[in-house]
Amino acid sequence: MITRALVGDAYTPVNANEVAYLPQALIEIDSSGRIDRVTPAADPSYAARLKAAEVQHLVEHLPADQVIWPGFVDLHVHAPQWPQAGLALDKPLAAWLNDYTFPLEAKYDDLAFAKRVYHELVHELLSQGTTTVLFFGTIHTAANLELARQCMQQGLRAAIGRVAMDNPDQTPDYYRDASAGEAVAATERFIHQLKELGAENPLAPLPVITPRFVPSCSDEALAGLGRLAHQYDLPIQTHVSESNWEHQYAIDRFGMHDAAVLDHFGLLTEKAVLAHGTQLAPKDQALLRERGSALAHCPISNAYFGNGVLPVQELLAAGNQVGLGTDISGGYSPSLYDNLRHAVALSQVRNDGVTTQDAGTAGSRISMTTAFYLATLGGAKALHLPVGQVQAGCLADLQVVSDRFTRPAESPQDRFERLMYQTTARELRQVIVHGETVIDHAG
Ligand SMILES: O=c1[nH]c(=O)c2nc[nH]c2[nH]1
């Protein structure tokens with residue numbers, strides 16, 4: 001049954017190189033939260049379908065200065081780090097973790113603190129046009145469940161991982177799983193508790209197996225988490241070859257690259273999403289391709305901690321799955337708009353090099369169309385979710401954005417690119433998740 005219909009100019013990704021423009025499309029949404037049908041204005045059935053929906057008072061005609069595109073998919077958010085977004089980004093990764101991040105994450109054994117932060121963060125992400133998020137939580141199950149509650153209450157689609165970290169050499173004694181057995185058992189308990197909490201809720205967050213990264217975990221924990229991922233057929237998230245230090249750490253400890261270590265422990269599956277990957281060698285990239293594991297490109301964070309720029313264009317051309325992440329708080333911004341702009345800019349730097357002596361890497365540049373793909377369909381594919389497109393059969397997770405400027409002679413593609421550069425939370429008129437408006441500045 002159709003419950004709602006929008007009429008307006010829409011844009012949707014087709015693939016990494018193409019965005020479709022649908023002028024005055026009729027977008028019909030059904031009671032299961034899905035897009036039932038998208039009818040272009042030129043379609044012969046358009047007038048009759050529009051009339052039928054209008055008779056039932058289901059139609060919302062968007063003003064001419066508003067456009068629709070899919071809600072964004074953020075593939076990498078550390079929820080507990082929101083209070084420190086923008087802090088200490090001049091420190092190296094290991095110091096940033098030990099001196100800032102671990103002390104902050106340890107505070108989430110205080111449920112009142114968790115509730116305050118997670119309420120604010122979920123609202124903020126929705127306000128930025130993000131409708132699906134892959135979250136790292138902390139080691140605290142109650143706080144992670146509170147994050148899930150906030151997502152369901154405020155209407156954010158989410159997948160949430162209870163972070164596992166038990167290696168005494170690389171984690172502080174005040175913030176660590178007591179043993180490998182506890183890291184695995186607590187993860188398994190979280191899977192069940194989250195499933196119970198979300199029962200019957202269409203926005204029930206999915207549990208995610210979450211070894212923090214190779215340095216934080218013992219061999220036994222990595223192996224146990226790999227077993228759990230297979231037993232419950234769940235997504236996996238972790239970091240991979242994210243900096244020179246971390247990449248070298250895996251080589252020193254295992255005599256292998258990070259990606260091969262994850263594969264050894266059964267953690268490279270087609271449901272795995274790996275953050276960063278700036279230091280992946282060609283053979284690691286090929287392994288990810290073979291396994292169908294996706295990369296979460298986090299351009300802002302990489303500028304601080306990555307010691308390099310991910311070769312997004314080359315990876316996409318080779319057939320790797322890639323989406324986009326804010327990496328709060330390795331990245332300071334909760335906005336995927338900011339991140340897709342940085343993705344384009346960094347790719348240009350990679351292409352051209354940083355000095356006249358440095359020839360750069362030709363063929364590295366990505367277009368805004370590709371960055372839009374990363375923030376929508378790329379992320380959706382990584383999570384195997386039917387979101388990220390304005391298309392029949394997709395879940396109705398959408399953004400309605402206002403264009404503050406009138407440019408009558410502009411082509412649809414030029415308007416799309418300008419809006420991708422100019423849109424901020426201020427321009428968002430509505431954010432729709434599962435067919436319901438969850439952020440409403442329409443009035
Ligand atoms: O950007 C990052 N943020 C983190 O919290 C983290 N932990 C391990 N590696 C990390 N990288």
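Where does H13 bend, and by about how many degrees? I looked this up in what is a predicted model. H13 bends at Leu374, by about 45 degrees.

**Entry 1: helix H13**

I noted that H13 covers residues 368-383, 16 residues in total. I compared its reach from first to last C-alpha, 22 Å, with the expected span and found it close to the 22 Å expected at 1.5 Å a residue. I then checked burial: H13 is mostly covered, with 14 of its 16 residues buried. Just after the helix, I recorded a positive phi of about 55 degrees at His384.

**Entry 2: nonpolar cores**

I turned to the largest nonpolar core, which holds 126 residues. The members that touch the most others are Ile27, Ile68, Phe135 and Leu340. H13 gives the most to this core, namely nine residues. I also noted that domain 1 (2-70 + 388-440) and domain 2 (72-383) each contribute at least three residues to this core.

Leaving aside residues up to four places away in sequence, Ile27 touches Ala5, Leu6, Ala10, Ile35, Val38, Ile68 and Val390.

**Entry 3: domains and annotation**

I consulted the domain assignment, which gives domain 1 as 2-70 + 388-440 and domain 2 as 72-383. I recorded 30 Å between the C-alpha centres of the two domains. Their contact takes 25 residues from domain 1 and 26 residues from domain 2. On the side of domain 1 that touches domain 2, I listed the elements supplying at least two residues each: strand S1 (2-15), strand S2 (18-30), helix H14 (412-422), strand S15 (428-433) and strand S16 (436-440).

I also looked up the UniProt record, an unreviewed entry, whose annotation "domain: Amidohydrolase-related" covers residues 68-438. For that span I noted 44% helix and 17% strand. The end C-alpha atoms of residues 68-438 lie 15 Å apart.

**Entry 4: Glu314**

Why does Glu314 count as partly exposed? I found Glu314 in helix H11 (residues 312-318). Glu314 has 15 C-beta neighbours inside 10 Å, and therefore counts as partly exposed; a buried residue would need 20 or more, and an exposed one 12 or fewer.

I then checked the contacts of Glu314. Not counting residues up to four places away in sequence, Glu314 touches Gly363 and Ser364. Glu314 and Ser364 are 50 residues apart along the chain, and I recorded 6.5 Å between their C-alpha atoms.

Terms used
Residues are numbered from 1 along each chain as its sequence is written. This is a predicted model: local features need pLDDT of at least 70, side-chain atom pairs count only at pLDDT 80 or more; totals for chains, interfaces and linings use all residues. Helices (H or I, at least four residues) and strands (E, at least two) are DSSP runs, numbered from the N terminus. The expected span of a helix is 1.5 Å times one less than its number of residues. The bend at a residue is the angle between axes fitted to the seven residues ending there and the seven starting there. A nonpolar core is a set of buried Ala, Val, Leu, Ile, Met, Phe, Trp, Tyr and Cys residues joined through C-beta atoms within 7 Å. Domain bounds come from an automatic or database domain assignment. Two residues are in contact if their C-beta atoms, placed from the backbone, lie within 7 Å. UniProt positions are given in the numbering used here, feature names are shortened, and annotations may be inferred rather than shown by experiment.
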